[in-house]
Amino acid sequence: MQLQDFFSDCAALVRREGAPSDIVAAIAPRMRTLLSGARSFLRAEHCRADAAHYARNLVHAAPDGSLALFALVWAPGQWTPVHDHGTWGVVGVVEGMLVEQAYMRTDANSHEARDAGIELVRGGLVLLPPGAVSTFVPNPDHIHMTGVPPNEARTISLHLYGRMLSSFHVYDLATGTRRLFDAPHSES
Ligand SMILES: [Fe+2]
């Protein structure tokens, strides 16, 4: 599947499907197909790494900011902070192995939006080899940490979101707080 076809399919699906769960269910198999042809559209600038932290390279975005596809490049041992997204997402692994560690809120009334008094416990994790696809929806916040263990190879993954995701919440487990984090990315 070509990137432009994937993107126009996704835009149509977003217009047609109302619920985030329906959107990710429809896009997941398309992401799997896109992965098989990822080498044809991923250019060198999409595969840029950063020694300081995982690299987030913009591959394509809808003009209205309603869809954004990033290539994330992970050196062994690089992880995100614990974070949420404020939208749905579909993730596919091109090479290496990506680990997703889930977190669950256990504080009372955890559906309420607040920045303190947040209790999180670690949930399960999934190991995503090449070709694997993972999805999430906000409920209201889908909270996790993603990365690559030190003993694994460089990993490249594709991340499609329902917004530009130029900022998201980062959680501090020790203090039970969260703050909005401006997420930099590279554009080619
Ligand atoms: Fe994430």
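The secondary structure of the chain comprises 3 helices and 11 strands, where helices (H or I, at least four residues) and strands (E, at least two) are DSSP runs numbered from the N terminus. The model is a predicted one, in which local features need pLDDT of at least 70, side-chain atom pairs count only at pLDDT 80 or more, and totals for chains, interfaces and linings use all residues. Residues are numbered from 1 along each chain as its sequence is written. In sequence order the elements follow the pattern α-α-α-β-β-β-β-β-β-β-β-β-β-β.

The C-alpha trace of the chain spans about 45 × 40 × 25 Å along its principal axes. For 188 residues, a compact globule would have a radius of gyration near 16 Å, and the value for the chain, 16 Å, agrees. This radius is taken over C-alpha atoms, and the globule rule is 2.2 Å times the number of residues to the power 0.38. Of the 188 residues, 31% count as buried. A residue is buried if 20 or more other C-beta atoms lie within 10 Å of its own, exposed if 12 or fewer, and partly exposed in between, with C-beta atoms placed from the backbone. Among contacts between residues at least 6 apart in sequence, 75% join residues at least 24 apart; two residues are in contact if their C-beta atoms, placed from the backbone, lie within 7 Å.

Two strands are taken to pair if DSSP finds at least two bridges between them. Strand β1 (residues 55–61) pairs with β11 in the parallel sense over 2 bridges, and L58 stands opposite E187 in β11.

The other open sheet has 3 strands in the order β5-β4-β7, and its pairing is antiparallel. Here β5 and β7 are the edge strands, each with a single partner, so one side of each is left without a neighbour in the sheet. The twist averages 20° from one strand to the next. Axes are lines fitted to C-alpha atoms, for helices over the stretch in contact, and angles run from 0 to 180 degrees between N-to-C directions. Strand β4 (residues 98–105) is joined to the antiparallel strand β5 (residues 120–128) by 7 bridges. Within this pair, Y103 has R122 in β5 as its bridge partner, and M104 stands opposite V121 in β5. Strand β4 is also joined by 5 bridges to β7 (residues 143–147), again in the antiparallel sense, with Q101 opposite M145 in β7.

The buried residues of α2 are I23, V24, I27, R30, M31, L34 and L35. Their cover includes α1 (3–16), α3 (38–41), β3, β6 and β8. R30 counts as buried because 20 other C-beta atoms lie within 10 Å. The C-alpha atoms of R30 and C10 are separated by 8.6 Å, although the two residues are 20 apart along the chain.

The peptide bond from N139 to P140 is cis, with omega near -10°, and P140 is placed in the loop between β6 and β7. In the loop between β4 and β5 lies N109, a residue other than glycine with a positive phi near 55°. N109 counts as exposed because it has 8 C-beta neighbours inside 10 Å. L165, in the loop between β8 and β9 (167–172), also has a positive phi, of about 50°, although it is not a glycine. With 19 C-beta neighbours inside 10 Å, L165 counts as partly exposed.
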